[in-house]
Amino acid sequence: MARHKILNIQPLNAALQDTLSKEVKISHILAQVLINRGINNPQEAGKFLRADLEALLDPYLFPDMQKAVELVGKTAEAKAKVMIFGDYDVDGITALALLKNALTGRGLEVEHYLPHRIKEGYGLNKNIVQVARQKKIKLLITVDCGTNSYEEIKELKRHNIEVIVTDHHEPLNCQLPPASAIINPKLKNSAYKYRDLAGVGVAYKLAQAITREKLFDDLDLVCLGTIADVVPLNGENRVIAKEGLLRLSRTERAGLKALMEVSGIQGKKITSTFVSYILGPRLNASGRMDTAETALNLLMSREPGEAGELAKAVHAYNRQRQKTEEKIMQEAEALIDKEINFKEHKVIVIAKDGWHQGVLGIVASKLADRFYRPTILISLSDDFCKGSGRSIKNFHLFKALLECRDFLKTFGGHSHAVGLVIDRENINDFRNKINLLACHKLALEDLIPSIDIDMELGLGDISEALVRELGALEPFGAGNPEPLFYSRNLKLKGEPQLLGRDTLKFWLSDGTITHQAIGFGMGNLYSSLVSARSFDLVYTPEIDSWQEDAVILEIKDIFFS
């Protein structure tokens with residue numbers, strides 16, 4: 001917790017603070033936090049804070065939405081069969097469950113196909129044409145994939161199978177697949193004003209158009225996939241997350257109720273943190289360790305007994321995932337110690353036989369956080385090797401792969417998360433090329449983790465009223481982080497407490513005001529805290545869960561004098 005982190009304290013905008021404070025009737029502190037989120041006028045501020053359902057956009061702003069709806073209608077009239085092709089993560093399975101319910105509600109006969117993460121990988125594959133023909137499918141709809149599946153869609157169309165693509169991934173090529181309709185907010189010609197919908201958000205728009213209903217009760221599923229996919233929680237996603245979490249807390253879906261019960265959060269107010277760290281990982285574990293069908297069946301289950309058994313199954317998969325992840329983490333750290341020279345390697349690329357491909361992304365993420373370098377883990381095999389990578393703030397990993405594409409069989413992803421397939425003999429050349437790129441693109445300071453601070457405060461600025469006002473910013477997540485504040489020259493009051501799970505709790509003062517603070521997993525700082533003449537604190541103020549009228553500072557970092 002330490003001195004080698006860079007503090008980015010956002011510049012104050014006193015004039016705009018005054019304007020927002022007067023017009024929206026909020027504190028100057030909340031005004032500055034909104035400014036830091038890119039909000040620079042009272043209308044935007046009011047809209048952001050309200051985040052009401054009226055802010056959801058019209059599905060027909062997608063250029064191909066009318067075509068898609070007409071095609072679904074023709075398929076229904078012909079009593080032909082539809083197949084939904086999904087993805088194995090939470091975004092994909094929530095999208096599939098949502099759209100399948102909407103289509104069956106229209107009287108269509110609907111099949112679905114979930115690829116196996118390890119055996120088939122992401123997206124449409126060469127097997128789908130044969131499967132669709134065998135099942136006599138006339139319309140195939142993708143969810144959370146398809147934008148870059150040119151050859152597969154061309155082959156489906158050649159066999160007179162119509163295709164609707166619903167997706168949110170960036171197009172890799174200038175040439176889009178020859179689908180009957182492509183619904184993707186990231187297409188260059190899209191008139192849809194919000195680009196950052198998750199895959200389930202795009203599927204939701206199609207479901208709304210097909211059913212001619214708002215489907216607000218389905219926002220529990222939509223918010224689950226949206227938050228789990230770590231898309232920005234601003235704009236339309238903010239509305240989906242805020243309204244969806246309210247519905248998730250009181251959901252009547254047997255599967256979600258069973259999942260919350262087995263996770264130990266039934267009856268609690270469901271937050272974005274619960275989705276990100278409790279519900280999402282359990283649903284993802286099914287597709288990581290085996291097949292995502294178990295998680296999909298759980299989401300679609302209507303019978304409490306069946307739902308209970310399925311919830312136990314995904315819970316067990318999650319425990320298995322944790323054990324596998326821990327083993328790979330230890331092996332990866334040993335390889336890094338042996339093979340990586342941090343003076344030369346700005347990107348960590350390591351490979352080993354037998355690594356379970358389903359958890360490589362999680363381990364890569366943890367290693368990227370620990371060493372603060374882009375990290376790619378590759379599972380070796382005799383045929384082709386699969387890898388997963390995670391990046392840091394100032395390195396666009398997907399663009400780097402584009403420049404290394406000569407060494408890769410296939411790849412895909414985003415700025416901070418990628419997947420790839422590579423021949424074993426190309427790994428060394430790939431490692432050298434991506435590190436050469438990183439040497440040109442990353443400065444030394446880019447390899448030092450930074451903390452973005454919303455505002456420097458005195459302890460006298462902090463009150464229960466402020467904490468409750470800041471609650472209007474929820475739900476927090478990507479694009480809308482929990483506000484962080486900074487206070488200087490603080491002193492310890494009394495003896496710190498060491499609590500369970502390495503938790504540090506103590507009182508602090510600036511000489512006038514005293515507050516209590518808590519740091520989870522910070523027990524190792526006990527001695528430094530006791531011996532420090534003074535310290536600076538990075539924190540977020542919270543209402544104390546044990547004393548509801550008291551404020552406690554949740555510590556994110558401590559800088560000792």
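Modeller: Before we start, buried means under 20% relative accessible area, exposed means over 50%, and partly exposed is in between, with a 1.4 Å probe and protein chains only. This is a predicted model, so local features need pLDDT of at least 70, side-chain atom pairs count only at pLDDT 80 or more, and totals for chains, interfaces and linings use all residues. Residues are numbered from 1 along each chain as its sequence is written, and side-chain values use heavy atoms, leaving out hydrogens and water.

Colleague: Okay, is Cys 439 buried, partly exposed or exposed?

Modeller: Check its relative accessibility, which is 40%. Buried needs under 20% and exposed over 50%. So Cys 439 counts as partly exposed.

Colleague: And how many disulfides does the whole structure have?

Modeller: A disulfide is a pair of cysteine sulfur atoms within 2.5 Å. For Cys 385, the nearest cysteine sulfur belongs to Cys 404 and is 16 Å away. For Cys 439, the nearest is also that of Cys 404, 12 Å away. Searching the whole structure, the number of disulfides found is zero.

Colleague: Is Cys 385 buried or exposed?

Modeller: Its relative accessibility is 0%. That is why Cys 385 counts as buried.

Colleague: Now helices: how many residues of α8 are buried?

Modeller: Helices are DSSP runs (H or I, at least four residues), numbered from the N terminus. Helix α8 covers residues 199-211 and has 13 residues. This helix is mostly covered, and the buried ones number 13 of 13.

Colleague: Which residue just after α8 takes a positive phi?

Modeller: Helix α8 spans residues 199-211. Just after α8, with a phi of about 60 degrees, comes Arg 212.

Definitions and conventions:
Helices (H or I, at least four residues) and strands (E, at least two) are DSSP runs, numbered from the N terminus. The expected span of a helix is 1.5 Å times one less than its number of residues.
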